[in-house]
Amino acid sequence: MIQRFKLATTVAAVAAALVAQAASAAPVDFHGYMRSGVGSSNKDGKQTCFQLPGAYAKYRLGNECETYGELGFDVDAWKAASGDGYMKLHVMEAYVANQNRDWEGTKDNTADFALRQAWAEAGGWGQGMLATAKLWAGKRFYQRHDVHINDFYYWDNSGPGAGIEDIDLGFGKLSYAYRRNAAQSGAAVPSAPAQWQVPDDGKTITSNDIRLSGVGVNPGGSLEFGVDIKSQNNRDGVAHGDNGFIATVEHTQNGFLGGFNKLALQYGKGPGSNLVAAYPDFDAKSDKKSWRAVEQFVFESGNWNGMGTMVYQDQKDNYTWFSAGVRPVYHFNDMFSLATEVGYDQVKPDGGSKRNLWKMTIAPQISAGKSFWARPTLRMFYTYAKWNDEARDQWGGVAGGTGGVFGNATSGSTYGAQVEAWW
């Protein structure tokens with residue numbers, strides 16, 4: 001733990017020194033995200049979160065039990081005296097804490113820090129189709145696609161790599177990324193954060209990620225295509241599966257009900273069969289397959305706005321996951337609003353019994369404006385959840401199963417307050 005604390009301190013010091021040095025010569029943009037709060041359950045314990053075992057995500061409103069944050073710095077490191085050439089640096093550190101008490105750190109294992117991004121980009125060096133192209137290298141969030149209300153990153157190939165993006169082909173923009181992550185194996189929920197995963201030392205998977213975005217197909221609508229080819233490394237002396245890929249196509253419709261609509265279809269094979277680009281399944285054979293459909297929309301209409309989603313995923317010869325949820329928000333004025341959220345998840349193992357979870361939240365809020373995306377937000381919340389016996393007893397169970405605060409019960413509620421902000 002002391003080593004981890006020293007590492008986090010060193011990373012923070014290096015980032016601060018880099019920014020301080022660059023600040024004297026170039027503009028620095030400081031940005032980030034945070035959420036934190038306090039909560040209790042109807043069983044007189046601390047706030048407990050509700051997630052269905054086997055589901056890749058949970059509905060967030062009134063259902064986040066940790067303090068989490070990201071602190072990022074973007075540095076305009078250089079600008080050509082003539083022409084469009086430039087270079088930028090990007091650094092981000094993240095932290096997560098148990099949200100139990102005043103002091104939480106790595107030394108007492110109640111908090112953790114991670115270097116999430118450290119990369120550089122160079123642009124303005126080409127002409128013609130390369131006029132908008134950018135070269136990059138380092139560790140970064142790479143063109144991530146997510147559903148906000150359940151924090152589901154369904155298309156996310158982040159981590160160490162290098163590449164070129166935004167080559168203008170006239171009908172769309174082409175990007176290529178070379179990526180490599182340590183392989184993962186044995187995780188009950190393969191899309192969970194890396195600290196929940198079980199790493200296989202010495203095993204890595206190389207990714208060749210090719211994307212074509214911004215292909216116009218109808219007024220206000222565009223398509224994005226991607227194929228992520230997974231190749232295994234360090235095979236000698238260790239068990240391994242086969243190579244594979246993840247293929248994605250997504251349609252985005254802007255202007256839908258004042259917001260947008262997105263529909264993504266994905267297919268994975270071999271190591272890509274868990275459909276988690278950043279953490280593929282090293283042990284998966286080439287005959288292991290899966291597919292997924294993700295629908296989401298945001299609407300903005302007068303005093304009403306909100307978001308909805310639906311997900312269906314079929315892990316062939318394993319299980320299916322279905323999820324549907326909606327978060328409508330009514331704004332009484334520019335600051336005060338009332339948000340509600342209803343979410344349902346169902347996991348059906350092949351040859352097994354269904355597990356299901358209903359989760360409902362009501363949350364009065366004070367926000368910095370009337371947009372669905374307006375932050376900071378201060379909210380109070382009351383959350384009620386109901387699940388079946390199979391959801392309680394399998395894979396650790398909802399809210400800790402029989403060993404959790406709700407014991408043998410198949411329902412429970414929590415209440416509390418939270419702040420969420422990005423800037």
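Student: Which residue forms a disulfide with Cys49?

Tutor: This is a predicted model, in which local features need pLDDT of at least 70 and side-chain atom pairs count only at pLDDT 80 or more, while totals for chains, interfaces and linings use all residues. Residues are numbered from 1 along each chain as its sequence is written, and side-chain values use heavy atoms, with hydrogens and water left out. A disulfide is a pair of cysteine sulfur atoms within 2.5 Å. The sulfur atom of Cys49 lies 2.1 Å from that of its partner, Cys65.

Student: How many residues apart are Cys49 and Cys65?

Tutor: Helices (DSSP runs of H or I, at least four residues) and strands (runs of E, at least two) are numbered from the N terminus. Cys49 and Cys65 are both placed in the loop between β1 (28–41) and β2 (67–79). The pair links distant parts of the chain, and the separation is 16 residues.

Student: Is Cys65 buried or exposed?

Tutor: Buried means under 20% relative accessible area, exposed over 50%, and partly exposed in between, with a 1.4 Å probe and protein chains only. The relative accessible area of Cys65 is 14%, and therefore Cys65 is buried.
By the cut-off of under 20%, the class of Cys65 is buried.

Student: Which residue meets Lys134 in a salt bridge?

Tutor: A salt bridge is a side-chain nitrogen of Lys or Arg within 4 Å of a carboxyl oxygen of Asp or Glu. By this rule the count comes to 18 salt bridges. Lys134 takes part in one of them, with an N to O distance of 2.5 Å, and its partner is Asp166.

Student: Which strands hold Glu165 and Arg140?

Tutor: Glu165 and Arg140 form a salt bridge, their closest N and O atoms being 3.0 Å apart. This pair links distant parts of the chain, 25 residues apart. Both residues are buried. Glu165 lies in strand β8 and Arg140 in strand β5.

Student: In which loop is Glu64, the salt-bridge partner of Arg35?

Tutor: The side chains of Arg35 and Glu64 meet at 3.4 Å, N to O. Arg35 is in strand β1, and 29 residues separate the two. Both belong to a network of salt bridges that also includes Arg60 and Glu66. Glu64 is in the loop between β1 and β2.
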